[in-house]
Amino acid sequence: MKVLVTGGAGYIGSICVERLIDRGYQVIVLDNLSEGHIKAVESRALFIKGDIADRNLLLSIFMNEKPQAVIHFAAKALVAESMSNPSLYFQNNVTYGINLLDAMVECGLKRIVFSSTCSIYGSVTKVPIDENFPANPENPYGESKLLFEKILEWYRKIHGIRPVIFRYFNAAGATLSHGEHHRKETHLIPRILQVALGTLSKVEIYGVDYSTADGSAVRDYIHVVDLVDAHIKALESHFEGVYNLGSAKGYSVLEVIEAARAITAMPIPAVVCSRRVGDPPILVANFRKAFETFGWKPNYDLNAIIQSAWAWHKSHPRGYD
Ligand SMILES: NC(=O)c1ccc[n+]([C@@H]2O[C@H](COP(=O)([O-])OP(=O)(O)OC[C@H]3O[C@@H](n4cnc5c(N)ncnc54)[C@H](O)[C@@H]3O)[C@@H](O)[C@H]2O)c1
Ligand SMILES: O=c1ccn([C@@H]2O[C@H](COP(=O)(O)OP(=O)(O)O[C@H]3O[C@H](CO)[C@@H](O)[C@H](O)[C@H]3O)[C@@H](O)[C@H]2O)c(=O)[nH]1
């Protein structure tokens with residue numbers, strides 16, 4: 001089977017490409033390298049540097065390469081950035097995404113696996129969160145993903161597109177060869193590990209005044225390999241619809257820092273700062289629908305996630321540079 005992976009030079013996309021190729025898939029990667037890295041792309045994949053905004057490029061890929069499915073990771077994906085530059089988020093994640101769908105329709109391609117996010121839920125009154133919780137995004141990033149989910153539903157009804165929508169909780173972890181390297185790293189676990197490595201002086205804790213057990217924000221960290229496995233299941237079966245992908249366990253920022261101190265045996269200095277605008281207090285998944293529909297469940301816990309990320313950061317102290 002041949003698959004087009006948009007955003008396949010990025011963090012999750014590049015690990016998906018690695019595992020798809022290991023399973024015998026032929027993979028085309030389309031990425032504009034705005035955030036991704038050429039060195040993250042498997043040499044066995046066909047890499048095309050380009051933008052999902054480019055309709056002619058998409059049509060030529062579909063007509064010449066004839067992929068049978070699209071895994072759509074390409075997006076802007078930072079909550080805080082979306083609060084200062086919403087246009088970037090609505091353009092990349094909605095407008096250019098529509099361009100991709102229209103090219104698929106024009107070429108008769110039906111199957112798409114889309115990376116959505118738990119950010120669509122916003123602040124919730126209880127956890128764990130199932131797929132029927134009301135969507136209430138608190139930042140343009142989450143809103144852009146929710147809009148695209150709705151657009152997919154209309155394309156399903158009208159054009160017979162067969163979408164699988166995965167709402168990831170917080171992706172983290174690495175494989176031996178691929179890990180998380182954002183040019184301006186804002187994510188909690190890589191920042192903590194940068195402190196452990198000595199490339200950052202201290203971790204900032206964004207708020208200890210949330211209504212959580214220790215006052216810091218709680219997230220559900222899910223190993224990137226577990227996420228990727230769900231995508232492969234989606235290619236190998238016929239289910240459609242919306243699925244949460246998380247571990248059903250929440251960890252506070254303070255707990256993640258403690259776990260990283262134990263794993264790295266480094267002191268990891270931390271300071272308390274004010275909240276980051278756009279951050280909900282707590283997000284934890286109920287993944288029962290994914291388990292019942294296609295037998296997915298996570299295999300890695302928080303310690304395994306941090307251990308894998310730490311191994312990658314130690315062997316790649318400058319990431320892909
Ligand atoms: N990392 C997480 O915790 C998380 C959680 C929920 C959802 N997601 C979603 O998963 C997907 C992948 O996230 P990631 O963490 O790997 O992000 P990433 O930024 O590492 O990867 C995104 C990739 O898309 C590329 N890209 C962006 N806009 C593009 C465009 N217009 N045309 C072509 N390529 C473009 C970037 O260069 C980058 O390589 C995103 O859609 C994100 O919203 C991520
Ligand atoms: O230096 C830091 C970085 C983060 N945090 C906190 O740690 C938590 C996790 O933050 P981060 O790792 O930046 O992830 P999120 O902002 O939760 O967003 C990620 O996870 C979302 C799903 O929750 C995805 O949709 C996004 O793409 C992805 O960036 C949040 O409470 C942050 O406030 C800190 O306290 N200090």
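User: What percentage of the 321 residues of the chain count as buried?
Analyst: This is a predicted model. A residue is buried if 20 or more other C-beta atoms lie within 10 Å of its own. Of the 321 residues of the chain, the share that counts as buried is 48%.

User: How many helices and strands are there, and what is the radius of gyration of the chain?
Analyst: The chain has ten helices and 13 strands. For 321 residues the globule rule gives 20 Å, and the value for the chain is close to that, so the chain is as compact as a globular protein of that length. Its C-alpha atoms fill a box of roughly 55 × 40 × 40 Å along the principal axes. The radius of gyration is 19 Å.

User: How many residues does each domain give to the contact between domain 1 and domain 2?
Analyst: The chain is divided into domain 1 (2-173 + 221-247) and domain 2 (188-217 + 249-290 + 300-315). Taken over C-alpha atoms, their centres are separated by 25 Å. The contact takes 27 residues from domain 1 and 24 residues from domain 2.

User: Which elements each supply at least two residues of the side of domain 1 that touches domain 2?
Analyst: By class, this side of domain 1 has 15 nonpolar, eight polar and four charged residues. The elements that each supply at least two of its residues are α3 (79-84), β10 (221-223), α7 (224-236) and β11 (241-245).

User: Where does the largest nonpolar core lie, and which residues touch the most other members?
Analyst: In soluble globular proteins, nonpolar side chains tend to be buried together. Here both domain 1 and domain 2 give residues to the core, so it lies between them. Leu-245 is in contact with residues including Phe-166, Ile-222, Leu-227 and Phe-287, leaving aside neighbours within four places in sequence. Of the 99 residues in the core, those that touch the most other members are Ile-192 and Leu-245.

User: Which element gives the most to the shell around ligand 1?
Analyst: Ligand 1 is surrounded by 29 residues, and the closest are Gly-7, Gly-10, Tyr-11, Gly-36 and Ala-75. Elements giving two or more residues to this shell are α1 (11-22), β2 (26-31), α4 (86-107), β5 (111-117) and β7 (170-172). By class, the shell has 14 nonpolar, twelve polar and three charged residues. With three residues, the element that gives the most is α1.

User: Which element gives the most to the shell around ligand 2?
Analyst: Of the 22 residues around ligand 2, Thr-117, His-187, Leu-188, Tyr-206 and Ala-217 come nearest. Domain 1 and domain 2 each provide at least three of its residues. With four residues, the element that gives the most is β8.

User: Is Leu-33 buried, exposed or partly exposed?
Analyst: Leu-33 is in the loop between β2 and β3 (46-49). Its phi is positive, about 60°, although Leu-33 is not a glycine. A residue with 20 or more other C-beta atoms within 10 Å is buried and one with 12 or fewer is exposed. Leu-33 has 15 such neighbours, so it counts as partly exposed.

User: Which residues does a cis peptide bond join?
Analyst: The loop between β5 and α5 (140-159) contains Pro-128. Omega of the cis bond is about 0°, and the residues it joins are Val-127 and Pro-128.

How values were computed:
Residues numbered from 1 in each chain as written. Chains lettered and ligands numbered in written order. Predicted model: local features only at pLDDT ≥ 70, side-chain atom pairs only at ≥ 80, totals over all residues. Near = placed C-beta within 6 Å. Nonpolar A, V, L, I, M, F, W, Y, C, P; charged D, E, K, R; others polar. Domains from an automatic or database assignment. Core = buried A, V, L, I, M, F, W, Y, C linked by C-beta atoms within 7 Å. Contact = placed C-beta atoms within 7 Å. Rg over C-alpha atoms; globule rule 2.2 N^0.38 Å.
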